[in-house]
Amino acid sequence: MSLYLGLDSSTQGFSAIVIEREGDRRSVIFESDLSFDEALPEFGTTHGVLPSRDPAVVVSPPLMWAAALDVMLQRVARAGLDIQRLAAISGSAQQHGSVYLNASAEAALARLDPSRPLVEQLTGVFSRDVAPIWMDSSTACECAEIAEAVGGGAALAERTGSRAFERFTGPQIRKFFKQDAAAYEATARVHLVSSYMASLLLGANAPIDGGDASGTNLMDLRTNAWWPAALEATAPGLDRKLPPIVSGSTVIGRLSRYWQARYGLPPAQLIVWSGDNPSTLVGTGLVRTGLLAISLGTSDTVFGPMPQPNIDSTGAAHVFVSPAGGYMGLTCFRNGSLARERIRESFGLSWDTFSQMLDATPAGNHGRMLLPWFEPEITPRVDRPGLHRHDLAPDDGPGHVRAIVEAQQMALALHARWMQVDVAAIYATGGAAVNRAILQVMADVFGADVYQFDVGNTASLGAALRALHGHLAGTGRPLNWSEAVAGFAEPRTDSRLTPNAANQSIYRNLLESYAQFEARALAQ
Ligand code: ADP
Ligand code: XUL
């Protein structure tokens, strides 16, 4: 009877799930999470990121993520589980962020001393103290340079699945190389957050999976290999600094001696880590087409499986390799949970009173609308942040509550059209998916049933399921993906929210007004 551990290093926190699979029995036997700001205040983050004078620059300390890993593995080891049965571990991480290691890192990882905390042994391994993360939008210039060098944005999208995006790793690496060529030169390995965290467990530089490598503007989507033209357009010698790309269920080694000796963990297999969105695809059981998932986390994302890599002609979205085979389409919004929190806080509400106001206001909000671009937005691209109101008085609390939820859901619907999925059902996940008032608006706007999950963190569940799938494939007892996710990654049948027909027709009309409002604001 084996146990599988899934970890998730996200923007605001770190979480873990242990699952057990035996015969017909499927159970989640351990769940834990921590918030970086609260559990590790010594790193000085707010919502997981360091203070910055320029709103376009967003970085986090990679040492903090290592500290969180140390705390979480201790919790897992001391949870009273029969931990010697732990067969495999995998992980999920916020996508696009990059960690820069110098030439001493490999040796430091190989000889970690189990009697000392991880963090104090890693202080010398970085060629850059901070990691730019997905919220960063400071690389417009590098995006233009890379796109031009490879024959334009459409050519880049055709090859890598996305036109150049500010937060993607390639443009971020180029900016670092331009700003500090010596530190770039001293970088032996550029990791994504996923491969960095996996390296800490492995005690050596770990490879990266195709799902997360798709978020770099550097990988050829059809060959699953780094694309030489993009590497050349990005920075010199980059081919020697990036991890090798492997497929989603690859066994990359075993948990290093450090973790075994420090916490009494067994030499469990390590399965390559992936990005949070690809992991959530697995953790919500999206292994067939016709379904969409919407994650309402720090970012709001809408995504679904795709058999073929059909590129978004509007240039707003992405195609990634799916860890469950084939591809996935994804559109990402930066002003997600933190924007909802801004409105909630500015009117002094709790989530309960926020939800009551949402329920008490009518669909369509009497034509009152807003665009919640508190921070630079990814979809559509907005460089100069600002809140735009239409017929909405600044002191109208209930009006703002309904307006932000409707705006976000209409933006999700509008910018998911390119996937051309005939949506049978939506699986809602992420921190805000506990909020049924928000999910009712989602059902009405999309005209589709919406479901919730028992497991709060479907990214770490997806990682645990990838650990299970990779482990069994490696031991000659392979499962297909439908078998692997069955009984774990299934929505709660009693959670179904159905669209209200009258509201659905209001939103069908309103969607065009919203699209025009968005276009007018962008033209300003
Ligand atoms: P991450 O992307 O960092 O993994 P989560 O998926 O954990 O983030 O989501 C965290 C967010 O969930 C918080 O920022 C908070 O705004 C939101 N949240 C938590 N509870 C509620 C609620 N009841 N209603 C709406 N949003 C909520
Ligand atoms: C996806 C994206 C975010 C991050 C953080 O492209 O930028 O969803 O993965 O969750």
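Which residues are linked with Glu 20 in a network of salt bridges?

1. In this predicted model, Glu 20 belongs to a network of salt bridges whose members are Glu 20, Arg 25, Asp 82 and Arg 85.

2. Helix H6 covers residues 153-160, and among its residues Leu 156, Ala 157 and Thr 160 are buried. These three lie on the same side of H6, because they cover an arc of only 100 degrees around the axis.

3. What do the buried residues of H6 pack against? Their partners are helix H5 (140-149), strand E10 (219-220) and strand E18 (318-321). After H6 comes Gly 161, and the phi of this glycine is positive, near 95 degrees.

4. Arg 159 is partly exposed, with a relative accessible area of 34%, whereas Asp 220 counts as buried at 8% relative accessibility. Strand E10 is also one of the elements against which the buried residues of H6 pack.

5. The side chains of Glu 158 and Arg 222 meet in another salt bridge, with an N to O distance of 3.5 Å. Glu 158 lies in helix H6 while Arg 222 lies in the loop between E10 and strand E11 (225-226), so this pair ties together parts that are 64 residues apart in sequence. Glu 158 is partly exposed, with a relative accessible area of 42%, and Arg 222 likewise counts as partly exposed, at 46% relative accessibility.

6. A further salt bridge, at 2.7 Å from N to O, brings together the side chains of Glu 145 and Arg 174. Because Glu 145 lies in helix H5 and Arg 174 in helix H7 (residues 169-179), the pair ties together parts that are 29 residues apart in sequence. Is Arg 174 buried or exposed? Arg 174 is buried, with a relative accessible area of 17%, while Glu 145 is partly exposed, with a relative accessible area of 27%.

Terms used: Residues numbered from 1 in each chain as written. Chains lettered and ligands numbered in written order. Predicted model: local features only at pLDDT ≥ 70, side-chain atom pairs only at ≥ 80, totals over all residues. Heavy atoms only, no water. Buried < 20%, exposed > 50% of the residue type's maximum accessible area, 1.4 Å probe, protein only. Helix = DSSP H or I, 4+ residues; strand = E, 2+ residues; numbered from the N terminus. Arc of directions from axis to C-beta. Contact = heavy atoms within 4.5 Å. Salt bridge = Lys/Arg side-chain N within 4 Å of Asp/Glu carboxyl O.
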